[in-house]
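Here is a quick tour for anyone opening this structure for the first time. Have a look at the sequence and the model, then read on.

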Amino acid sequence: MNKKLIRVLYVDDDMDDFLLVQSMLKQCQSTRFELTNAINYQEALQMLNQEFDVFLVDYKLGKETGINVLEAVRSKLKHAPVIILTGMDSGHADREAMEFGASDYLVKGGFNAPMLERTIRYAIRDAALHESLEIAGKKFKNIFERSADPIVLVNADSLVLDANPSFSKKFGYDPSKEDFYPFYLRNLFVEDKDSENFTLLLGCISDFSDFQAKLKIPSGQNIEALISIAQDEANHELFQLMIKDLTQLKAQEEDHFNMKKFSSTGRIARILAHEVKNPLTTILLSAEQLSFELPEDVLKESGDLVEVIKKNCTRINQLIMQLLESTRFTELDIQDYNINTLLDESLETAKDRLSLQKIEVVKDYEKEICSIKVDGEKVKIAFTNLIVNAIEAMGQRKGILKLKTKSQDKKCIVEITDNGSGISPEHVDRLFEPFYTNKPTGSGLGLTNTQNIILSHGGSIRVKSKVNVGTTFFITFDFS
């Protein structure tokens, strides 16, 4: 059987001690040792370029000490196992060796071959363990610092003990500031019940759990977050949390749902047009024929019934055509436009209504925003519909219309906000449905048409509203 080879550099100016150690290592049955001797500090330095598995270093080497050799080895080979040897049992030498990172400390004459072999073996094992821990630590640190998701370490009271850059950026955590106070994660929860439940969860979690809640961010907005909680294996009073921002994910899901609903509405509209228009035309033609063929006295007795039939057939036909137009992707005249310019031109269209109701307009435009490729005239129709809706929603109250543009994640985002009456949750879900309206004279196709225009450009439109607070429409386009 081949014995494992361990290469040893023995640094000592006493040749007798070298021969004694060499003799001891030859007695080992399971391991073969290759011993090389350096008699002083300078000679040891010259040999550091060679490959050695372990270093045995005498504490006293004359002008320099074994500690100097230890420091030189550590500067070149950070985790190399170094065992300090000395001729006397001195607590000072022991402490100094350990302080400078020696793997172990042996007193000459106080060890035998098995003890020396075991000490070398343990020193090599511990060095390999420290090196692997450092590599793992660097990998974890790299993941920790580069993670796009916020990662944070908290105690059982939710006090933040450490956080990665993503957490600091998203939640404004900066311990370096002079006015920094202890940062408790529970204070980020929008709902008090979520804060209480989260604190209770930290008190009883035994392994891993997920917690979903709304969190505050410094911009004044709220995000929907999924918090993954893992108890620290070494200290059960500590918890590692990863926070996943679900806001964008939910927005994408909502966009996907709206697109499917819109496509479904379009299919229904085409079916209606096909199945209803033909018999409707037959009814209309029959009514016209009746008006020609019926005797005068019968027509006079029936009053306006034939005209009513004809009028309502025409109205139904017009409604079907409007439905088709509002749910059909039309041909677009695509050009480069500045989103701020399109908003201003849409605002100009509604300036008389704004002036009549004395509505204050607040603009928050990103000045250097990228251009977008759209059909300008159609997009202005969509913006105008939303602005007019906002004006009507504000009614007689002191109206404030806010228009905001910003760029984010290679997208151009427009926000149109009013402080009007708001929309109840059950009505928000139906807002883009054809013919759905709460206006006494509305057709219910304005927002359907607006959605059609936005979706036909590959964009998205979402709405958030609160009764008696106001409504915000979020429109998103890709950059050019």
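## Around F477

Setting aside neighbours within four places in sequence, F477 is in contact with I339, I372, V374, V379, F383, K411, C412, I454 and H457. Keep in mind as you browse that this is a predicted model.

## Helix α15

Helix α15 covers residues 446-456 and is mostly covered, with nine of its 11 residues buried. Those buried residues are L447, T448, T450, Q451, N452, I453, I454, L455 and S456. After α15 comes G458, which has a positive phi, near 75 degrees.

## A covered strand

Now jump to strand β3, residues 54-58, where five of the five residues are buried. Both of its faces are covered: V54, L56 and D58 are buried on one side, F55 and V57 on the other.

Which strands pair with β3? Strand β1 (residues 4-11) runs parallel to β3 and is joined to it by four bridges, with L9 standing opposite F55. Strand β4 (residues 82-86) also pairs with β3 in the parallel sense, over four bridges.

## T119 in helix α5

Next stop is T119, which sits in helix α5 (residues 113-146). Is T119 buried or exposed? Its relative accessibility is 8%, so T119 counts as buried. The T119 side chain reaches back to the backbone oxygen of M115, at 2.8 Å. In an α-helix there are 3.6 residues a turn, so residues three or four places apart point the same way. Beyond its neighbours within four places in sequence, T119 is in contact with I83, D104 and L106.

## Rings and charges

How many aromatic pairs does a search of the whole structure find? The count is nine. In one of them, F167 and Y173 have ring centres 5.8 Å apart and planes at 70 degrees, so this pair is edge-to-face. Both F167 and Y173 are buried. F189 and F198 make a tilted pair instead, at 5.1 Å centre to centre and with 45 degrees between the planes. F189 is buried, with a relative accessible area of 3%, and F198 is buried too, at 0% relative accessibility.

F167 and Y173 also belong to an aromatic cluster, together with F171 and F183.

Finally, look for arginines over ring faces. R125 lies over the face of Y122, 4.8 Å from the ring centre, and R186 lies over the face of Y184, 4.4 Å from the ring centre.

Conventions
Residues are numbered from 1 along each chain as its sequence is written. This is a predicted model: local features need pLDDT of at least 70, side-chain atom pairs count only at pLDDT 80 or more; totals for chains, interfaces and linings use all residues. Side-chain values use heavy atoms; hydrogens and water are left out. Buried means under 20% relative accessible area, exposed over 50%, partly exposed in between (1.4 Å probe, protein chains only). Helices (H or I, at least four residues) and strands (E, at least two) are DSSP runs, numbered from the N terminus. A polar contact is a pair of N or O atoms within 3.5 Å; within protein, one must be able to donate a hydrogen and the other to accept it, and residues adjacent in sequence count only if both atoms are side-chain atoms. Contact means heavy atoms within 4.5 Å. Rings of Phe, Tyr and Trp (its six-membered ring) pair if their centres lie within 6.5 Å; planes under 30 degrees apart count as stacked, over 60 as edge-to-face and the rest as tilted. A charge sits over a ring if NZ of Lys or CZ of Arg is within 6 Å of the ring centre and within 35 degrees of the ring normal. Two strands pair if DSSP finds at least two bridges between them.
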